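This briefing goes through a protein model by topic. The structure comes first, then some lead sentences and the grouped points.

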Amino acid sequence: MASLSNQPSKKAIRSPGGSGSSAGSQGGTRNSSGQTVKFARRTSSGRYVSLSRDDLDMSGELSGDYMNYTVHIPPTPDNQPMDTSVAAKAEEQYVSNSLFTGGFNSVTRAHLMDKVIESEVSHPQMAGAKGSACSMPACDGKVMKDERGADITPCDCRFKICRDCFLDAQKETGLCPGCKEPYKGGEYDDDDVPDFSSGALSLPAPQDDSKADRRNMSMMKRNQTGEFDHNKWLFETKGTYGYGNAYWPQEDKYGDDGHDKFQGGMMESNDKPWKPLSRRLPIPQSIISPYRLLIVIRFVVLGFFLTWRIQHPNEEAIWLWLMSVMCEVWFAFSWILDQIPKLCPINRSTDLEVLREKFDMPSPSNPTGRSDLPGVDLFVSTADPDKEPPLVTANTILSILAVDYPVEKLACYISDDGGALLTFEAMAEAASFADLWVPFCRKHDIEPRNPETYFSMKGDPTKNKSRSDFVKDRRRVKREYDELKVRINGLPDSIRRRSDAFNAREEMKMLKQMRESGPGDPTEPIKVQKATWMADGTHWPGTWSVPAREHSKSDHAGILQVMLKPPSSDPLMGGKDDDNDKILELTDVDIRLPMFVYVSREKRPGYDHNKKAGAMNALVRASAVLSNGPFILNLDCDHYIYNCRAIREGMCFMMDRGGEDICYIQFPQRFEGIDPSDRYANHNTVFFDGNMRALDGVQGPVYVGTGCMFRRFALYGFDPPQADKLAPKTDSEMQSLTATDFDPDLDVNLLPKRFGNSTMLSESIPIAEFQGRPLADHPAVKYGRPPGALRPPREPLDAATVAEAVSVISCWYEDKTEWGDRVGWIYGSVTEDVVTGYRMHNRGWRSVYCITKRDAFRGSAPINLTDRLHQVLRWATGSVEIFFSRNNAFLASRRLKLLQRLGYINVGVYPFTSLFLIVYCFIPALSLLSGHFIVQNLDVKFLVYLLLITMCLIGLAILEVKWSGVELEQWWRNEQFWLISGTSAHLAAVVQGLLKVMAGIEISFTLTSKSAGDDNDDIYADLYIVKWTSLMIPPIVIAMVNIIAVVVAFSRTVYSSVPQWSKFIGGTFFSFWVLAHLYPFAKGLMGKRGKTPTIVYIWSGLIAITLSLLWVAVNPQQGSTTQASGGGGGSTFQFP
C-alpha cells in the first residue's frame, strides 16, 4: 500500500546512530509539527529514572523529579544484529506502554506507565501488562515480549534484559551483560511467532513432537551442503506443495461442513462464478401500487377540499374560518413534504457467505486465508462519566472488541471529551477483561457480546451450544464479570482515596521542607493543589476532581493512550501450555484483541471546541495517523453491537459492485428498556422503518447520529469518484495517487488549508480511498481495487506516529482549515449529524439503509416524559437552525435528487407545524365557547371531501403498516406523540430559533425541579418520575381549555330554552379528538401514584380560567345565538 502515496516507510526514515536518532529528528521528517517526544518512567520505589544511559536532558520542562530523554531509535540492520521486525515490535510495545500528552505550545510527552490500573493486567497487547523484570541493576524495566507475552531474550544465556538496556549495551560494548559474550545476530526465540508476510503457510510438524523436538528436527533436515532439505522435511511431515512454494492445505482443513470443504484443490476468486454481495428487493406491487394511487387520490381531494373551504367562508365567524383555513393549508403542505418522498420504498438483503468466499477464503495466492477486507475504525464518544456511567461505556467497548471481523483490521477509539481519570481507568479495566471475554465469545459463538445484556438474558443459555465445557466457562466468566462491575463501580471511591493519600503525602513533604528551610509562620496553612493521581503514582494530565489550571473540563492537555496495541497479522491460537493460571481452556481459539486507543483531545480557554462534532473530527484525524481504516463506524457510548456480524452486513454494500459512491451505511436505531406500551413513542418505528426505508429508494437515508458506517474518503469532503474522468492506468500495477487526483480543483499547496499541516494525515488520504474501493472481480466494476491488495500486514506503531496523533488532536490544529466546514463532521448545529449527511448527499454521494434480521445495534432511550421532551427539543432546535442556515435544502445543488430534496426540506420545516397545530387544538374549545363553527352551512360536497380524505388516510396507514412492518399501535403512538411534541418541544424550538436568528438571544429550556422514583425493583421506575419543565405548559393549557369548554357548552346547552345538541356533539367530538392525543401526556403527569406537583394544576387552572374569562369579556354571549337558525345544528358538525 505504500506505493499509493509518497509516504516513506518507517524503516526508510530512521537514521542510523545512537542518541542522535531521536524522535525530534523524526519529528522533522514524519511529524510536521516538529514535536519532540520525551520519555520518563516512575519506578516502583517512587523515583524517576530515564530509560537511556546517557544524553539525559534535565531541562526543566518536567518537574525536578523527572529525568528526560528523547526517543532512542534502533540502529539500522547494517550496524546492529537485532532483527528489524523484533526491533519494530519492541518499539511498538514500548510505545503502547506510554501515556502520550501534548498540545498547544507544549512538548509532546510520553509517560511510561508500569501500572495503568490497580488490578493485574495479563494480556500482552495491553499497556502495563505483567512481565519479567529487567536483570540489569537499578532498572525496573520489563523484558521485551512477543505476541504471546513470552520473554524475548537476545542472548543464548537467557539473560533477561529490557529493550533500552539492550540498546545501550549494543552501543557501548556489544556484549551481553550476563555472559559477557558478543550478541549473535538473528538468534532469538522468536521462532514461535510464524511469519506469514509472504502469504504462505508454514509446514506443520507431527502433532506428537514437543517444541524442542521440532526445533532439533528442523536443524537436522539439512543436506550435505548445509542447505535445508525440503524433500526430507516433506517426507517426515507428510506435507505437500502446491503452486510455487505455497503449502497446499488438506481438503478438510478449512470449512465446517461438507459444503465448505475444498473439492479438488483451491480456486482463485476470479475463477468462480460472480455473485453479488447485496440485492435490492422492491416492495410487492400489490402493496406499493395501491399505496401510490391513494397518495394521488388524497392529493387531488385535498386540492378540491381546500378550494371549497376558501370559496365558502363562515360569515358569522370569519376569524374562526380564517384560522382554520390557514391551518388546513399548512397541514396539507406538511403532508405533501412528508408523503411524497415515500413513493419509492425498498428492502435490501445481503449475502454474508459470498462475502466470506470473496475476502476470507484461502486460495493458491492466499493459502493462509488472510482476510482481504478493508479496515474499520470504530468511534465511541463520551463526555461526562456522571451522566454516562463508565460501566455502560465499558460494555459497549467489550461488544466492539468481540465483533466478528478480522481482528487485525479493527481499531477501536474512545473519545473522552471530559478528560476524566474515571473513564480512563474504566476503559483500562474493560480492556483487561477483554482478555477473557473476547476469546469466550469466539469459542462459544456468544450473542449478544455485551456482557451486561448477555448475562441478563432470560432463557436457556445452553441453547445451540455444542461444547461440553460451555456451562463451566460461562460460570467462570460470569464471576469475573461480576468482579469487573465491582471494580468499575468502586473506581470513584478508589481514585478519591488514592488521591487523598498522595495529596496528604505531598502536604507532609511540603511541611518538612518548610521546617528544614528555616523558621516560618507555623499558623500559615499549607497550600497544596488537590490533584488527581493515577495508579502509578503520577498526576493525571486531564480533568481533576478539584478543577485547577490546566486540569479542568475546558482546560487540559491532549491525552492519547494505546491501551491495546495492534495485534499480529495472523491468528494467535491459545493453548494449554500458554499459562497455567488461565481461567478458560482456549486451544484453537484466536486470543488476539483489536487495537484500542483512549483519546481525550486538548481543550484550552478561548477556543471553540464544537462539542461532539469537534470530538468526532479529532478522532478522524488521530485514527488517520494511527490506523487509517477506510471505513468509520461511530456509536454513542450507550449503543452497543447487538449483532456481531453487523460490520460484515454493511461491508456487503460498500464492497459490492457500484458501492464506490456510497458515503455511509445507516443502521436503524433499536432501544432497550422501553415500557411495553411505548407511551412516548421512544422506539420511533414509524421514522426508522417507514421514512428511512422510503428514502433508501431515492438517494439514501439521512444520517441520524449513531450506528452509521462512513466512508472515510467521503468525510474528507471529496466528491464521489467518477471512473470515466480519471486518467486510465498504463499498466496493471498500482499507481501512486495523491489527493488532487480526486479533486482537480484542489491545489497541492492548499492541502494544509483544507486538512491542516499534518503531512502524515494528507498522505493517508489516497491510501484510505484506494483501500475503500470495491473489489474489481467483475468487468462491470470500473472503479475497484485488485484482489489481495489488503492482505499485507500493517506497519507497527512508533513514537513519531503516536506523537503526530497527539499533535492533530490539539486545540489549535483546526485553525484556518476547513475542518467542520467542508471536512469531517459539520459545525454550527446541535444536530450535526443531519447536516453532515446532507452535505454528502449534496455533493452527489448516496447512502444505504441496512436493516438486518438481528438488530445491528441496541441502545437506551429516555422513557421519562420530561427527558423525552428535551430530547425532541434538541432535535427540533437543530432543524430550525438548519432552516435558517445555508444548509437549507432549498439552496441545494442539482446533485440532490428531487424527492431527497423534499425529504431534507421536511427536516427543516416540520417544527414550524407547531405554530399551526397549537392554534388548531384551540379551535374546538373556541367553537364550543362561542357557539360558532368553522363552516356556516353543511354541504354535501364538504361531507364527501371529508369522507374521501378520511378513507384515504386510513388506507395509507394500513398499506404503510404493511410495507414498513410497523404495528398499528405503534403508528397510533406516533400520532399521539406528534401532537404532544408539536404543542410543546417543537413550539419551544421555533421560538428559540427565531430569537437566535432575529435577536441573537440564546434560550435553553432546563429542568427546574426533580423528583426521584422510590421503587428500585421496577425497571420502568423512571417512567413515573415527574420533572417539572416549562415545556409542559402549552399541552396542559390546551387540555384544560378544552375540558372547560366542554363543561361550559354542556351547561349552556342544558339550560338553554332551545337546546342545540348537534352543535354540542360536533364540538365535543373535536375536543375529545384533541384530548385523546394528549392522553399519554396526561398519564405522564399523573406519575405512578398521582404525584404531580400541585403547582402544575394551579398554574394550568389559572391560565385556563383567565383565557375563558378573557373570551367572555371580548365576545359576550348574545341572546340571538341561542335561537335555532335555518342551518340547524347539523351544519356545525366537523370531522377532525
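Helix α14 (residues 491-517) has 27 residues and spans 38 Å from its first C-alpha to its last, close to the 39 Å expected at 1.5 Å a residue. The expected span is 1.5 Å times one less than the number of residues. Helices (H or I, at least four residues) and strands (E, at least two) are DSSP runs, numbered from the N terminus.

This is a predicted model, in which local features need pLDDT of at least 70 and side-chain atom pairs count only at pLDDT 80 or more, while totals for chains, interfaces and linings use all residues. Residues are numbered from 1 along each chain as its sequence is written, and side-chain values use heavy atoms, with hydrogens and water left out.

**Confidence**

- The average pLDDT of the protein is 78, and 73% of the residues score at least 70; pLDDT is the predictor's confidence in each residue, from 0 to 100.
- Residues 727-736 have a pLDDT below 50, and this stretch has 14 contacts in the model beyond near neighbours in sequence. Contact means heavy atoms within 4.5 Å.
- Over residues 1119-1136 the pLDDT also stays under 50, and the model has 34 contacts for them beyond four places in sequence.

- The buried residues in α14 are L491, S494, I495, R498, S499, F502 and N503. Buried means under 20% relative accessible area, exposed over 50%, and partly exposed in between (1.4 Å probe, protein chains only).
- An α-helix has 3.6 residues a turn, so residues three or four places apart point the same way.
- The buried residues of α14 pack against α11 (421-444) and α13 (470-489).

**Nonpolar cores**

- A nonpolar core is a set of buried Ala, Val, Leu, Ile, Met, Phe, Trp, Tyr and Cys residues joined through side-chain atoms within 4.5 Å.
- The largest nonpolar core has 149 residues, of which Y413, L560, L626, F710, Y716 and F755 touch the most other members.
- Leaving out residues up to four places away in sequence, L626 touches Y413, L560, M595, V597, L797, T801, V802 and A805.
- A second, separate core of 88 residues includes L378, V380, I400 and L635.

**Annotated binding site**

- An unreviewed UniProt entry lists K612 and D636 under "binding site". UniProt positions are given in the numbering used here, feature names are shortened, and annotations may be inferred rather than shown by experiment.
- The two positions are spread over 25 residues of sequence but cluster in space, with a largest C-alpha distance of 10.5 Å.
- K612 is in helix α15 (residues 611-626) and is partly exposed, with a relative accessible area of 28%.
- Beyond four places in sequence, K612 touches S381, D636, G705 and E832.
- D636 lies in strand β14 (residues 631-636). Its contacts, not counting residues up to four places away in sequence, are V380, S381, T396, K612, G705 and T706.

**Backbone geometry**

- Most residues other than glycine have a negative phi, and most peptide bonds are trans.
- The peptide bond from E447 to P448 is cis, with omega near -5 degrees, and P448 is found in the loop between α11 and α12 (451-456).
- D445, although not a glycine, has a positive phi of about 55 degrees. D445 is in the loop between α11 and α12 and is partly exposed, with a relative accessible area of 42%.
- K816 is not a glycine either, and has a positive phi of about 60 degrees. K816 lies in the loop between α21 (799-808) and α22 (832-842) and is exposed, with a relative accessible area of 80%.

**Aromatic pairs**

- The structure holds 41 aromatic pairs. Rings of Phe, Tyr and Trp (its six-membered ring) pair if their centres lie within 6.5 Å; planes under 30 degrees apart count as stacked, over 60 as edge-to-face and the rest as tilted.
- The ring centres of F440 and F470 are 6.4 Å apart and their planes are at 10 degrees, so the pair is stacked.
- This pair links distant parts of the chain, with F440 in helix α11 and F470 in helix α13, 30 residues apart. Both F440 and F470 are buried.
- Y664 and F710 form a tilted pair, 5.5 Å centre to centre with 55 degrees between the planes.
- The pair of Y664 in strand β16 (residues 662-666) and F710 in strand β18 (residues 708-711) links distant parts of the chain, 46 residues apart. Y664 and F710 are buried.
- One aromatic cluster is formed by F433, W437, F440, Y454, F455, F470 and Y481.
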